[in-house]
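Let's take a walk through this structure together. Keep the 3D view open and turn it as you read.

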Amino acid sequence: MIKLVALIPLFPLLGFIINGFFGKKISKSLSGWIASLAVLASFVISLLIFMELENSEVKSHIVPLFSWINSDTLKIPFEFLVDPLSSWFLLIITGIGFLIHIYSMGYMHDDEGFVRFFTYLNLFVFFMLLLVLGNNYLIMFVGWEGVGLCSYLLIGFWFKNTAYNNAAKKAFIMNRVGDLGFLMGIILIFITFGSISYDQVFTIASTGNETTVTIIALLLFIGAMGKSAQLPLYTWLPDAMAGPTPVSALIHAATMVTAGIYMIVRSNIFYSMSEEASHVVAIVGVATALFAATIGLFQNDIKKVLAYSTVSQLGLMFLGLGVGAYSSSVFHVTTHAFFKALLFLGAGSVIHAMGGEQDMRKMGGLWKHLPITGKVMAIGTLAISGFPLLSGFFSKDEILAHTYEHSPTLWFFGQVASILTAFYMFRLLFLTFFGKFRGTHEQEHHLHESPSTMTIPLIVLAILSIFGGVLGLPEFWGTTNWFHHHLDPIIAHKNPSILNHAKEWTLMFIATAAALATIFFAYMVYIKNNILPEAKDEKLTGIKKLIYNKYYVDEIYEAVIRKPLDLLSEVFYKFLDLQVVDGIVNGVGSAVTGVSSLVRKVQTGHIGFYIFGMVLGIIAILFFTFIK
Amino acid sequence: MLNGIPINFYIMLSAVLFIIGVVGVMARRNAIIIFMCIELMLNAVNLLLVAFSTLHNDASGQVFVFFIMAVAAAEVAVGLAILSMVYRNFKTIDIDLLSRLKN
């Protein structure tokens with residue numbers, strides 16, 4: 001079965017080709033089903049491969065497909081790598097991907113770009129699978145760029161809206177910054193180790209000198225910063241919410257943004273060799289987690305809250321990577337994929353019911369109108385807040401416990417970020433589903449539960465969000481942490497927990513108590529005292545205003561980067577373009593005209609004169625050839 | 001020595017014929033005369049080729065001459081056809097009057 005791994009990306013590619021070229025000729029529902037079944041087929045094969053790998057003694061299988069680049073010293077075969085990490089990501093991508101495809105059939109039902117949507121979605125799944133399956137950095141890079149392209153296409157899916165197009169461009173350009181770092185990292189790996197295939201690089205990685213390895217690790221991390229929306233390259237992700245909600249769920253929460261984490265876990269040997277690079281990752285991660293969590297506190301757009309929450313959770317995952325808790329981070333990627341996809345799709349269901357309204361100030365009291373959506377959203381919120389025994393509780397706790405071993409300060413900030421997360425998520429839940437309805441009358445009449453194509457994926461994801469935690473039960477409970485063992489073969493330097501059980505229990509207790517207290521606090525604020533966010537943005541003052549405006553980061557980037565760039569281009573335009581370049585081009589033109597107006601006089605039209613010229617020419621040639 | 005005549009004589013004869021041709025082409029205005037002068041130049045070259053071919057006992061010079069004659073014949077055929085068309089249209093073959101090409 002493992003030999004058939006090439007089929008996994010092939011199915012979505014086929015779906016893309018069928019929908020892309022013949023989508024107009026087949027019916028809407030057929031094209032939706034083709035796309036969904038393509039991903040389902042990939043999921044089934046992924047599952048079979050996963051089981052086979054689980055039972056097999058050898059944990060890393062390289063499946064060569066063809067020779068790709070074959071020049072003098074650069075030999076890059078097109079190979080797929082099946083190991084615990086890639087097979088796990090395959091399951092997440094195709095599994096969540098399939099659910100979101102099904103959901104999209106309901107959500108996008110009335111959209112005129114229905115077929116185009118599924119075409120892009122299949123293409124995205126294809127590139128994402130390529131990214132995780134490749135056995136060298138170049139294939140990863142191709143997938144990396146491909147998902148970036150699909151992200152661009154899907155953010156700007158409603159291309160008639162200029163603001164959406166700008167958001168798409170922003171995402172693309174911001175990712176380019178990171179991609180450059182990634183590319184330089186790959187080149188440096190090639191220069192240092194003479195290969196970019198994982199198996200070859202990782203076996204000789206320990207021979208590299210520490211400075212080079214640190215630089216490689218940092219360059220790769222810059223790539224991850226762009227793709228996984230970390231400080232300072234995170235601002236594209238909140239804007240990316242311009243895309244349809246299923247896209248936000250699939251690309252900007254569950255899969256694409258975790259590519260950076262995949263890449264770092266894949267290259268974990270570099271990070272475990274370089275303490276400095278790991279420190280940078282941890283600090284950037286915790287800073288992002290905290291920063292985005294505070295912004296999330298005052299956002300009123302339901303999707304924006306979730307977007308900042310995603311940035312913050314990704315920061316937490318990077319914190320885990322930075323402290324060497326690679327498998328815990330992947331575990332959090334998994335549970336986060338469950339509950340964040342659930343929350344986004346739930347938000348999509350709410351937006352669907354509200355007729356496109358995304359402002360939470362105009363919602364409220366939706367619980368009785370949307371019973372299923374309300375319940376699953378509540379489950380998702382509890383899971384992300386770290387409510388005991390739900391999936392988020394275990395994964396977040398694992399990361400924080402590892403962080404505590406490493407540095408109690410980082411643990412403290414991580415804990416604060418997760419408290420803030422619990423608060424704003426419950427703020428979202430309470431503002432949306434409880435209290436009185438604050439929208440217009442038409443909206444109130446229009447309120448309805450979503451069709452079953454949308455609610456079934458929600459229910460499945462809710463079940464996963466509840467029980468996802470059993471994958472990685474904490475060791476100090478006396479259970480085996482299955483997930484940890486699963487990923488063990490790909491972690492170069494194992495980092496066993498050194499905390500004693502009492503300390504782990506204490507940490508877990510603190511986290512639980514903090515989460516419960518925060519939930520209670522949010523309840524007091526938004527339900528008991530019924531405090532609503534200001535309806536008008538201008539009334540905010542002080543720090544609230546600062547945070548509401550997202551610390552003015554976009555404005556700062558605008559002033560520090562875009563304005564000087566614009567100014568510089570203006571100067572170049574006025575001077576270089578208009579004066580120098582245009583001067584040269586026009587000068588050549590007028591010189592030719594001038595010279596030819598002189599030379600034209602030679603063309604008299606008299607044949608005798610021409611013959612005379614010819615004879616002179618021949619004589620001249622003879623003279624210079626023979627006499628000289 | 002060819003048949004008792006030194007090679008220099010052949011060269012001089014060829015040179016004289018060639019110069020007559022060149023001068024004729026440059027000086028005369030009648031297109032047919034110009035044509036004839038061109039032929040004269042070609043034949044001057046032919047003569048020289050044949051002379052040297054015999055001197056060196058190498059037949060390839062004579063083969064060249066055959067080719068030149070064939071090409072010259074073809075060229076004359078085309079050239080005279082053009083000239084007859086020119087005459088039909090302009091009633092003259094004086095090349096100084098045929099300056100329409102300029103515009």
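Start in chain B, where helix H2 (residues 31–55) and helix H3 (residues 60–90) pack at an angle of about 175 degrees, with their axes 9 Å apart. That makes H2(B) roughly antiparallel to H3(B), a label for angles over 145 degrees. Axes here are lines fitted to C-alpha atoms, for helices over the stretch in contact, and angles run from 0 to 180 degrees between N-to-C directions. Helices (H or I, at least four residues) and strands (E, at least two) are DSSP runs, numbered from the N terminus.

Before going on, a word on the ground rules: this is a predicted model, in which local features need pLDDT of at least 70, side-chain atom pairs count only at pLDDT 80 or more, and totals for chains, interfaces and linings use all residues. Residues are numbered from 1 along each chain as its sequence is written, while chains are lettered from A and ligands numbered from 1 in the order in which they are written.

**The helix pair in chain B**

- On the H2(B) side, the residues that meet H3(B) include Phe35(B), Leu42(B), Leu49(B) and Phe52(B).
- Two residues are in contact if their C-beta atoms, placed from the backbone, lie within 7 Å.
- The residues of this contact between H2(B) and H3(B) divide into 12 nonpolar, five polar and one charged.
- Ala, Val, Leu, Ile, Met, Phe, Trp, Tyr, Cys and Pro count as nonpolar, Asp, Glu, Lys and Arg as charged, and the others, Gly among them, as polar.

**Where the chains touch**

- Chain B puts 10 residues into the contact, and chain A puts in nine.
- On the chain B side, those residues divide into six nonpolar, one polar and three charged.

**Chain A as a whole**

- Chain A has 25 helices and two strands.
- Its C-alpha atoms fill a box of roughly 110 × 65 × 55 Å, taken along the principal axes.
- Chain A is divided into domain 1 (274–537) and domain 2 (554–627), with bounds that come from an automatic or database domain assignment.
- The centres of those two domains, taken over C-alpha atoms, are 65 Å apart.
- Of the 628 residues of chain A, 50% count as buried.
- Buried means that 20 or more other C-beta atoms lie within 10 Å of a residue's own; 12 or fewer makes it exposed, anything in between is partly exposed, and C-beta atoms are placed from the backbone.

**The hairpin in chain A**

- Strand S1 (residues 61–70) and strand S2 (residues 75–82) of chain A pair in the antiparallel sense over eight bridges.
- Strands pair if DSSP finds at least two bridges between them.
- S1(A) and S2(A) form a hairpin with four residues between them, and Asn70(A) has Lys75(A) in S2(A) as its bridge partner.
- Of the 10 residues of S1(A), the number buried is zero, so S1(A) lies largely in the open.

**A covered helix**

- Now for helix H10 (residues 245–254) of chain A: 10 of its 10 residues are buried, so to speak "mostly covered".
- The buried residues of H10(A) pack against several helices of chain A, including H3 (84–107), H4 (114–133) and H15 (326–353).

- Most residues other than glycine have a negative phi, and most peptide bonds are trans.
- The peptide bond from Leu231(A) to Pro232(A) is cis, with omega near -5 degrees.
- Pro232(A) is found in the loop between helix H8 (210–227) and H9, and Ala229(A) lies in the loop between H8 and H9 too.
- Ala229(A) is not a glycine, yet has a positive phi of about 55 degrees.
- Ala229(A) is buried, with 31 other C-beta atoms within 10 Å.
- Leu389(A) also has a positive phi, near 75 degrees, and sits in the loop between helix H16 (371–385) and helix H17 (391–406).
- Leu389(A) is partly exposed, with 13 other C-beta atoms within 10 Å.

- Gly106(A), in helix H3 of chain A, counts as buried with 20 C-beta neighbours inside 10 Å.
- Gly106(A) and Thr453(A) are 347 residues apart along the chain, but their C-alpha atoms are separated by 5.4 Å.
- Not counting residues up to four places away in sequence, Gly106(A) touches Ser450(A), Pro451(A), Thr453(A) and Met454(A).

Conventions. Angles under 35 degrees count as roughly parallel, over 145 as roughly antiparallel, 65 to 115 as roughly perpendicular and the rest as oblique.
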